[in-house]
Amino acid sequence: MTDALRAPFPYFGGKRATIDLVWARLGRPTQYIEPFCGSAAMLFGAPAAASLEVIGDGNGFIANFWRCVKHQPGAVAEAADYPVSHVDLGARHPWLMAQRGRLGEALQDPHWPGDAQVAGWWLWGHCSWIGSGWCEWDRKIPHVGNAGRGVQ
């Protein structure tokens with residue numbers, strides 16, 4: 001793998017392991033658009049910058065995180081600096097989920113610098129959580145029932 005920049009969090013389903021393979025096939029496009037950026041591994045792994053680079057993700061926590069890293073990295077780092085604690089995972093998760101509406105509205109303002117506490121706590125939880133599903137923006141409840149389908 002290239003010596004690409006890396007996001008400070010793991011991303012379940014991320015493309016980091018395929019960076020070299022993908023860019024070998026894409027070459028050096030003049031425009032790069034990625035609709036599901038997550039940790040932005042593919043963009044960070046690009047061999048050269050494109051004249052137009054657009055990344056997006058429907059998850060407002062991810063959008064808020066990247067906005068805050070640009071505008072207030074120290075505050076994000078301070079909010080994220082906390083030991084792993086199952087009790088705090090349980091307490092912070094519902095608090096963060098309750099911020100979705102406010103966050104979604106605020107993100108519509110391109111000049112809003114983001115919410116560093118939300119970004120830091122989301123980052124901390126994302127790094128502490130096992131597997132996928134930490135603060136998914138459109139959280140789905142798994143189907144339970146019907147033998148052979150859903151969570152058993």
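**Meeting the chain residue by residue**

Biologist: Which is aspartate 81, buried or exposed?

Modeller: In this predicted model, a residue is buried under 20% relative accessible area, exposed over 50% and partly exposed in between (1.4 Å probe, protein chains only). Aspartate 81 has a relative accessible area of 64%. That value is over 50%, so aspartate 81 is exposed.

Biologist: Before going on, what kind of model is this?

Modeller: Residues are numbered from 1 along each chain as its sequence is written, and side-chain values use heavy atoms, leaving out hydrogens and water. Local features need pLDDT of at least 70, side-chain atom pairs count only at pLDDT 80 or more, and totals for chains, interfaces and linings use all residues, the model being predicted.

Biologist: How many helices and strands does the chain have?

Modeller: Both are DSSP runs numbered from the N terminus, helices (H or I) of at least four residues and strands (E) of at least two. Starting at the N terminus, the order is α-β-α-β-α-α-α-α-α. The totals are 7 helices and 2 strands.

Biologist: Back to aspartate 81: how far apart in space are aspartate 81 and glycine 120?

Modeller: Aspartate 81 sits in the loop between H4 and H5. In sequence, aspartate 81 and glycine 120 are 39 residues apart. From C-alpha to C-alpha, the distance in space is 7.9 Å.

Biologist: Among contacts between residues at least 6 apart in sequence, what percentage join residues at least 24 apart?

Modeller: A contact means heavy atoms within 4.5 Å. Of the contacts in the chain between residues at least 6 apart, those joining residues at least 24 apart make up 60%.

Biologist: And what percentage of the residues in the chain are buried?

Modeller: The chain has 152 residues. Among them, cysteine 135 is buried and aspartate 115 is buried too. Over the chain, the buried share is 38%.

Biologist: How many residues are in the second, separate core?

Modeller: Its members include Ile19, Met42, Leu43 and Ala46. The size of this second core is 8 residues.

Biologist: Which residues does leucine 96 contact, leaving aside its neighbours within four places in sequence?

Modeller: Leucine 96 is among the residues with the most contacts inside the largest core. Beyond its sequence neighbours, leucine 96 is in contact with Phe61, Val118, Trp121, Trp122, Trp134 and Cys135.

Biologist: What is the relative accessible area of cysteine 135?

Modeller: Cysteine 135 lies in the segment after H7. Its phi is near 50°, a positive value in a residue other than glycine. Cysteine 135 is buried, and its relative accessible area is 0%.

Biologist: Which residues is aspartate 115 in contact with, leaving aside neighbours within four places in sequence?

Modeller: Aspartate 115 is in the loop between H6 and H7, and its relative accessible area is 16%. Phenylalanine 65, 50 residues away in sequence, is 8.2 Å from aspartate 115, C-alpha to C-alpha. Aspartate 115 contacts Asn64, Cys68, Gln72, Arg102 and Leu103.

Biologist: Which is arginine 6, buried or exposed?

Modeller: Arginine 6 is in the segment before helix H1 (19-26). Arginine 6 and serine 39, 33 residues apart in sequence, are 7.9 Å apart, C-alpha to C-alpha. With a relative accessible area of 52%, arginine 6 is exposed.

Biologist: Which residues does glutamine 31 touch, not counting those up to four places away in sequence?

Modeller: Glutamine 31 belongs to strand E1 (residues 31-34). Glutamine 31 and alanine 49 are 18 residues apart in sequence and 9.0 Å apart in space, C-alpha to C-alpha. The residues glutamine 31 touches are Ala50 and Leu52.

Terms used: Core = buried A, V, L, I, M, F, W, Y, C linked by side-chain atoms within 4.5 Å.
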